[in-house]
Each structure stands twice: as C-alpha cells, then as structure tokens.
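Subject: Structure for your files

Hello,

Here is the structure I said I would pass on. My notes follow it.

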Amino acid sequence: MCLAQPARVIEFQGDDIALVDLGGVRKRISIALVPEVQIGEYVIVHVGYAIGTLDVEEAEATLKLFAELAT
Amino acid sequence: MKYVDEFRDGALARNIAASIASEAEPRRQYRFMEFCGGHTHALARYGVADLLPPNVRMIHGPGCPVCVLPIGRIDMGLRLALDAGAILCTYGDVMRVPASDGLSLMRAKARGADIRIVYSPLDALQLAADHPGREVVFLAIGFETTTPPTALAIQQAAREGLKNFSVLCCHVLTPAAITHVLEAPDASQYGSVEIDGFVGPAHVSIVIGSGPYEGFAEKYRKPVVIAGFEPLDIMQAILMLVRQVNDGRAEVENEFTRAVNREGNLRAQEVTAQVLEMRSTFEWRGLGEVPMSALKIRPEYARFDAERRFDVKYRSVADHKQCECGAILRGVKKPTDCKLFGTVCTPDNPMGSCMVSSEGSCAAHYSYGRFRDIPVVRRDVAAHGVEPL
Amino acid sequence: MDTSKRHYTRPLDVKHGCIDMNHGAGGRLSAQLVEEIFARAFDNEFLNQGNDGALLPVPVGQRLVMATDAHVISPLFFPGGDIGCLSVHGTINDVAMLGATPLYLSASFILEEGLSLADLKRVVTSMARAARDAGVPIVTGDTKVVERGKGDGVFISTTGLGVVPEGRVIGGAGARPGDAVLLSGTIGEHGVAVLSKRASLEFETTIESDTAALHTLVAGMLVAASEGAIHVLRDPTRGGLATTLNEIAGQSGVGMMLRESAIPILPQVDAACELLGLDPLYIANEGKLVAIVAPEAAHAVLAAMHAHPLGRAAACIGYVTDDTNRFVQMDTRVGGRRVVDWLSGEALPRIC
C-alpha cells in the first residue's frame, strides 16, 4: 500500500537527516526511525522517512530462493 | 535500482510460475486475498494473473487507505481549506477522491482553496515555518507505515514551537481491517467468500512486525505469508501459501525477510504510541463502522489536532446506492459485478472507494485488466523480422 | 526603429529592470522593448522588414503545413532548457510530425508585470539560439503585458509554417496492423527534470529536459524509407508515450502490443518515478518521437535514427494489431500482460 524503496545512505547531514541514493537520484530524508543506520547501508524510504533497514544478505538469500527449480 | 530490479526479473518469474503450476493440486481451488493496495497495484501493473494457473485466484482486499477514507473526512479537510482559509497539505493520492457537493480537493483548488501536494510531512512542517501568519493543516492518511512519520512531525512541531501547524488524523490500522473482513457481522448482506490464505502487507509489516498476524492464523486457521512489494515477492508468497494449504498448515511465514522481522521497528512503534492513541470506532468507506481500527492525537498534543483546533465535526456521508464497494472490498464481488463499473464509475469519475485510488480493485482492473473482460478480436500480424528486442 | 533617434533614447536596464504596464502600452517604450530585446535577438531578413506581419515567398509545388503551441510552463528555467527554447522546439516538432520541413516561426508573448528584464532576455536569447541552430527564423511576433498575478512570468505562443511534398500523408490515422512501433529514445526526462525543481518534491538528479528540434531526425528517416512507408509520426509530450499511443490507436482504429523490456529509459528517470510513484509511460517528453512504419521499412528507418544524434537509443518497442477495442497492451517485464490505458487526469505523485 505504501510506496517505499530501498535506498543507500550516502551522507549524514545532522538533525536526523541523511542523503540517500536510489538509482542515481539523491534525496534528503529523515533517519529518526533508524538511528543506528550506517553510511553505505540500505534503508527503506517512505514519505521522506526511513522506516527500516534492508538486510542485504537476506535479499541475496531471497533471490536464490526464487531461482530454485520447480520440483 | 539495486534491490528493486532484481525482484522484477522475467526469467525468475517464469521459474516461480512453473513451481506454482506444478505444486497447485489440479482439483483444488486456491483463493488468496492480498490485503495491501500496493500488492493489488503490482499484480495488475505486471499482469501477474497471467502467470498463475487458473485454479489459483487472487482476491483484492481493503488495504488501500485512500479508498477507505470516508467522504466525511475529506469534507472536513475541504471546510478547513475553503472556510477557514488554511493551507491544506495532502499526499497526491487524495486529490481526486470525490467528496460531498461534487467537490474533491482538486476541484476545491480550482475554486481557490489553498491545497498543496506534499511528498512528506516534513514538507508540511516547512510550509508552516515559511508562512507563520497562515494556518497549515496536514491531512494524514495511511496505514501503520505512514503513521510514524506523522507522529514524528507532530513531535518536531512541538519542539520547534510551531503555532500554526495541525494534523487532521485519519490513520487506520491493518489488523482491525483484516478481522473485519473475516468476521463480517453483516455477512448475510454481503455473503461470504472462502479465503484460503492471506498475502500480508509489505511495508506495514516493517513497522508492526510479523507478530500481529499470528492471531489470525491461529484463530481463523488461515495461512499468512508476508510478501515484499515486487512481483517476484508476491509470486513467491503465493507459492508459499499454496504449500501451506497443501500441507494443511496455518502459519505466519515471512517472504520479505530482507526488511521484516517478528518485532517490527520498535522505535517507530514507540514514537507512534507517544503521540497517537486508539479511537474506539472509525467509519471506513465501504465497510461501515469498524471498532479499534483508527488513531487520533493524544490530549498532550491537542494543539496540533485539527479536529480540536478548528470547529469541524465529522458527518457521515453515504455512497451511491448501487455502489458495490463494500462487497468488493470484502472480496465477495468482482468489479464487473457492479452495475456502475465502467459505465457511470470510471477512474475519471469515481463513484466509490474501489475506483478512487489506482490500487483500488476497480481502478486497477479498469486501468490494467479490463481487456480480459472484453472479447478482443485480434489478428496478430507478425512483424517482418523486427521483433521487439 | 529609426536609427537617427537612437542616441536620444536610454537603453533598457536589462540588469535591474522589470516589465511594467508601460511596456505594454504600445508607445515608445513598447517599441524599445521589441527592438532591444526581441528584434535584436531574432534578427532575420523577414523580421527586419519591420512590419506587423512578414512577407514570405510561397513554396511552389508543395503544400503548406501550419502548427501552433502555447507554452505556460513553470518554472521558466529548468535543467536542460527553458520556456524559450521549448516553445521553438515544440512547434518545429509539430510541423515535422507531418513529415513537413519547417520554414518559419511566429512568436507572441504575454508578459506579466514584474517579470525581470534579465529573465526575459535570458528566455529570448535561448529562443534565438534554438531558432538559429534549427535553421528556422522567427519572422513575426507580438507582445502584450498583463497585470501582476494574471500571468506566470511569461506565456509564449508559437506558430510554425512548413512545407510537405504533394502526396505525402503522415498522420494519426495511418497506423496499420503489422506496422512496427519505433521510439526515438529514452522516455520521461523532461517531466522528471521539471518536477525536480518544484517545491515540496525536491530531489537531486542530473536528469535534464530532452527538449530538442526533431526535424533533421525526421528528414533522415524520410530519406531512408521509401515514400509512404512511414505512416505515423508523433512526439509524446503531455501525457507521455502512453497517451500518444492511445491517441494513435484511437484515430487509426487499431490496437497495439508493446514489450515493456524494449522501452528505453534512463536509470535515474526510472528511480525518480519510482520515488514519486509515477509511471514513466505517462511523463512528458520534449525531444522524442514515435514512428509507426510499414514492417519492411523498420530496419532501415531504425538505422537512420541510430545514425542521428537524437536517435542513438532508438528502439522497436512493439507492433500494431488488428483490435476493434483499440487497446494498447503490453507484455510486462515479468511476462504477464496489461493494458496501457489513457491517463486519468493529471499524473500526481502518490504514497500508496
């Protein structure tokens, strides 16, 4: 329901604001809901706020699951 | 886009489709409800139905916060903009929703109401800071994904001592809606549909976690698989649901492991609880009054509550008599079962909630799938060796 | 303007001055505005005749094409362009989409009281450059001034005249089942570039408007194809590619089948649309064209497009079908099928 995208954290800009990158487009968003996020990590962005982080290992694992052959 | 494009891969989609086809028992019907409007939109936009075997059918649920926003709430926003002269900030989704007196936010704007589309509550805060002499009201809609940003915005307004900012809070809750669909007190009016399992919302679950769905799985004996937002995620979740049905299991499984865990985002839940509290009841367009299904602003933050700040009261307004949205939202009827669909009710002139937002059942079907209803007389003429690459 | 009087007039203060109601009164100041800002920039033999209309030679043995466009874009200046060059490119393209060679342009301006002369000069300079680069002079024009609040800085209306050979019929009703649908390049750049400058939607991007004059690209395509092989030409501006294809399908009484994976799009445009919840198929382009051509000509026309700077990313994105319902359908990247419908109202950013 809620449009949200994974974006990479590029830079902290103070006051709970970070610059993130999605496919080459950069946006300033709030990271108040993910205070422990690090530069280089991915966050899920919705209405200008990061609402969670993306676990890249799980992402790779999920893609492998998709590739499992039909029985 | 990293971690987006890979989840839209055609070859992998064919692979999952093959698995679903081979594992769905041919003599069995599988009916799964995807609750989340974003999933409805993705299914339609990518034509995922074409990849499912005919005995696996998706039923679209009431998970579109724009669709379920009652007319009366938009009327309140309109009165604030037109009569109180406030700057009304809204997400783009709400602009075309038809309200009373033939108005919508877009039409009110044409009549001089100061209505601004914002991408984030942060933009509304900025407008309030930039225009200290004007009242700025933020129309806050959405499920649990969109709620923490609103709560943070109110806290920020308090910290900054903004005197001209308030929120018209229309946030609604997912578990209550699912319960309502399953328990339908007026089931005799709408009939009931056998739903074999649920595809759980992606981003709501990031915030609330997978835990809250365990009650449904247990009480109603229905499997729930939380799915990510992309077409491959939804297909994988459908495969997992087929497996659960075949095995006779009714568990909560998580396909969206890269973003969702059992507890959810505790910080987001905490902030929400600090600023907002439960309403005892709230009217949902198409579903009627639903108890414990929506939030309002706590007394401590009353000065930021538009309902207390201004003299606007909620007044219920009924939909068109022939509108079948209620039954469609419960999955009991299809868009084409509604007499108004495609004749009176179209995306340009929506009559009810299901047509209002692009992820409502009727809107999605009209925009992406109505070609399936109409026998298409076609002769495909092969291009002279210029196949699209 | 009489040059002998010139040393008694004080030049316009382009650095600090603004348009006021006097500039629109029709008197000396109006004439000075026209001379110093417009005529000096556009400078050509027809405009220099100095009359209210231009005296033009009549083309022999060809037919006339006329097209007109109004431009009300806000902001006036955006990454990759401005309202000035946009107004030149837009009308040149409308003429070119009929398979015609554009020859002349007219331009009328509605200026808002308070518009800075610096901004006006910037717009006009851009127009002059665009016209010169395209080889299509602005031969006549008009200026009016409206009160503050009644215009958005400046509105520009351009009309273009061109010529097309006898017998060439390129138009929206010409698509035939089996025709190839060609697209000259990546979609969505103009719309995204303009949106990136709107308040409350700000994001950082290097995306620039693709605004460009397409007449030389069209000329190259016409040379490569045999006469009559190019059935339809249209530039997908407001409403985007989807709207244009639906228009053509409706006019020609046909359907279309597209392949999503064949439609070229820059990664940043894809990302920006994703962020805002917009579908790139509905976003405006100002330097792209759709060509619907007979299947046997598709290879040659595509090659001609690739050979031109504005057509490097050209692709065949689908073909025309025989469909009484006139649906534009698409095979999605995931392998399903969907309808690519008309745009419903304005494309608005969404959260859901």
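Among contacts in chain C between residues at least 6 apart in sequence, what share joins residues at least 24 apart? The share is 85%, where two residues count as in contact if their C-beta atoms, placed from the backbone, lie within 7 Å.

This is a predicted model, in which local features need pLDDT of at least 70 and side-chain atom pairs count only at pLDDT 80 or more, while totals for chains, interfaces and linings use all residues. Residues are numbered from 1 along each chain as its sequence is written, and chains are lettered from A and ligands numbered from 1 in the order in which they are written.

Chain C overall

Chain C has 8 helices and 13 strands; these are DSSP runs (helices H or I, at least four residues; strands E, at least two), numbered from the N terminus. Along the principal axes, the C-alpha atoms of chain C fill a box of roughly 75 × 55 × 35 Å. Of the 352 residues in chain C, 53% are buried (20 or more other C-beta atoms within 10 Å of the residue's own, with C-beta atoms placed from the backbone).

Domains of chain C

The domain assignment gives domain 1 (12-165) and domain 2 (180-339); such bounds come from an automatic or database assignment. Their centres, taken over C-alpha atoms, are separated by 28 Å. The contact takes 19 residues from domain 1 of chain C and 22 residues from domain 2 of chain C. On the domain 1 side, H2, E4 and H3 of chain C are the elements that give two or more residues, and H2(C) gives the most, with 7 residues. That side has 12 nonpolar, 7 polar and no charged residues (nonpolar: Ala, Val, Leu, Ile, Met, Phe, Trp, Tyr, Cys and Pro; charged: Asp, Glu, Lys and Arg; polar: the others, Gly among them).

Helix H5 of chain C

In H5(C) (residues 215-224), the buried residues are His215(C), Leu217(C), Val218(C), Met221(C) and Leu222(C). Seen down the helix axis, they fall within an arc of 155°, so they line one face of H5(C) (the arc is that of the directions from the axis to the C-beta atoms). Their packing partners in chain C include H2 (83-96), E4 (101-112) and H3 (117-134).

Regards

Note on methods: A residue is buried if 20 or more other C-beta atoms lie within 10 Å of its own, exposed if 12 or fewer, and partly exposed in between; C-beta atoms are placed from the backbone.
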